[in-house]
Amino acid sequence: MGGPRHRANRGGPIRYGGCLLLASAFALAGCGATGKPADRVAGAATKTLALHWVRYDMTFERPRLFGPSIRIVGGRAALNLDERLGYEVLDLERRGGGSQILSLDLTPTTVLVDPEPPPAGLPPGAGIWISARLTGADALAGQAEGLSAELPLEEIVWGAEGATHVGSGVQGHLPLDEYRVTLDLRKALAGADRAHRPALAAAIRNELRASASPRVSLLVWVNGPGYVSRIDEVVPGAGLGTVSLVFTNFRLRYTGTPPASSHVLPLSGLSPGTRSLWAVATGS
C-alpha cells in the first residue's frame, strides 16, 4: 500500500468546490442569532464536534513554518470526529519554481507526513510516511494540531470566555453570523487534560509558552443551522500565520485508513539532528 493508493482510499475525493454547506441537509434547523454570543458559539462548536465527519479548505496568511523559500499555496482536510483522525493536504510552491504536496495523517498521538515528490535522503519507494509523536514539549504538536479543526473547536468548548457579534451575512444561501471569541488557554488546557487528549494538551501548552497572554482571540462564523462554518485563528508558536478553516461538507465520509507499517519511518530514525519534521519532509 503506497502513498497514492493510500490517499485514494479515503471515502471520496478530498478536493471539492465552493463553500456550500448543503443547506438541504439542515432545512429543518432554526436560523438567526439567538442567546448570548458566547453561548451560541460554544453551542455551535459542540454541535459541529458531534458530527461524524467534516471537511474544510485552508488558507494561510504570512506563515513561517517552511521558511521564506517555500510558500503554502493552500490546503484541504478531512476529519473523522468519531475516531479523532485527520487528513490534511498542503500544496507547497518553491521560490524559483517547483511544487510539492504534503499529505498528513493526524492521530490522537502521532502525525505522519507523506511528501510528494519525496526529498533526497528518503529511502526509495513510493508512499514513504515520516512519523513523529505529538506529546512532546516541542512545537510540533501545536504545528500539526494547528492544521486540524478539532483544536479550535475543542478550545472554544473548553475555554471560551466571551464573544462579540461582529456582523451578519449570507454565503451559499445560508445566513452567517461572525463572532470574535476570547479564549482562556488555561481553561482549554484543563479541559484537554480532563478529556485525556494528550496531543491537544501538548498543543495548548505550546500556545501558552509562546503567547504573551493566556487569553487569545479568534474569529468564528456560525451558520443558520447552528454549525461552525469558518474559523480564522493564529496558533501561538506554530508558525502557521493566520489560518482560515472554511468548512465545506458535513456529510462526506472519511474513514481514516492508516498507511501500512512497512511504509512508515520514524523521524528519529532519519537522524534529523536539529532539523524539524517539516524541513526533513521538504528537503530544506
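**Group meeting: a walk through the predicted fold**

I will begin with the contacts, where contact means heavy atoms within 4.5 Å: residues 24 or more positions apart account for 66% of the contacts in the chain with a separation of 6 or more. Residues are numbered from 1 along each chain as its sequence is written, and side-chain values use heavy atoms, with hydrogens and water left out.

The chain has 7 helices and 12 strands, these being DSSP runs numbered from the N terminus, with helices as H or I of at least four residues and strands as E of at least two. Of its 284 residues, 52% count as buried; here buried means under 20% relative accessible area, exposed means over 50%, and partly exposed lies in between, with a 1.4 Å probe and protein chains only.

Let me turn to the sheet. It is an open sheet of 12 strands with mixed pairing, and its order is β7-β8-β9-β10-β11-β1-β2-β3-β4-β5-β6-β12, where two strands pair if DSSP finds at least two bridges between them. At the edges are β7 (160-171) and β12 (264-266), each of which pairs on one side only. On average, and with direction ignored, neighbouring strands of this sheet are turned by 20° against each other; for angles like this, axes are lines fitted to C-alpha atoms, for helices over the stretch in contact, and angles run from 0 to 180 degrees between N-to-C directions. Helix α2 (residues 37-49) packs on the sheet, touching strands that include β1, β7 and β8, and its direction makes about 80° with that of β7.

Strand β6 (residues 129-133) is mostly covered, since 4 of its 5 residues are buried, and Ser 131 is itself buried, with a relative accessible area of 13%. Ser 131 and Leu 265 are 134 residues apart in sequence, yet 6.0 Å apart in space, C-alpha to C-alpha. Leaving aside neighbours within four places in sequence, the contacts of Ser 131 include Thr 110, Val 111, Val 264 and Leu 267.

Now for the helices. Helix α4 (residues 150-159) and helix α6 (residues 198-210) pack at an angle of about 80°, with their axes 11 Å apart. The two are therefore roughly perpendicular to each other, on a scale where angles under 35 degrees count as roughly parallel, over 145 as roughly antiparallel, 65 to 115 as roughly perpendicular and the rest as oblique. On the α4 side, Glu 150, Leu 151, Glu 154, Glu 155 and Trp 158 meet Leu 200, Ala 203, Ile 204 and Glu 207 of α6.

Helix α5 (residues 185-194) has Leu 185, Ala 188, Leu 189, Gly 191 and Ala 192 as its buried residues. Seen down the axis of α5, these fall within an arc of 160°, so they line one face of the helix; the arc is that of the directions from the helix axis to the C-beta atoms. Their cover includes α4, β8, α6 and β9.

In the loop between α5 and α6 we find Arg 197. Is this arginine, Arg 197, buried or exposed? At 8% relative accessibility, Arg 197 counts as buried, and, apart from neighbours within four places in sequence, Arg 197 is in contact with Arg 84, Glu 150, Glu 154, Trp 158 and Ala 192.

I will finish with some backbone details. Most residues other than glycine have a negative phi, and most peptide bonds are trans. Arg 84, in the loop between β2 and β3, has a positive phi near 60°, and Arg 84 is partly exposed at 37% relative accessible area. Ser 271 has a positive phi near 50° and is exposed, with a relative accessible area of 65%. Lastly, a cis peptide bond joins Glu 116 and Pro 117, with omega about 0°, and Pro 117 sits in the loop between β5 and β6.

Technical notes. Predicted model: local features only at pLDDT ≥ 70, side-chain atom pairs only at ≥ 80, totals over all residues.
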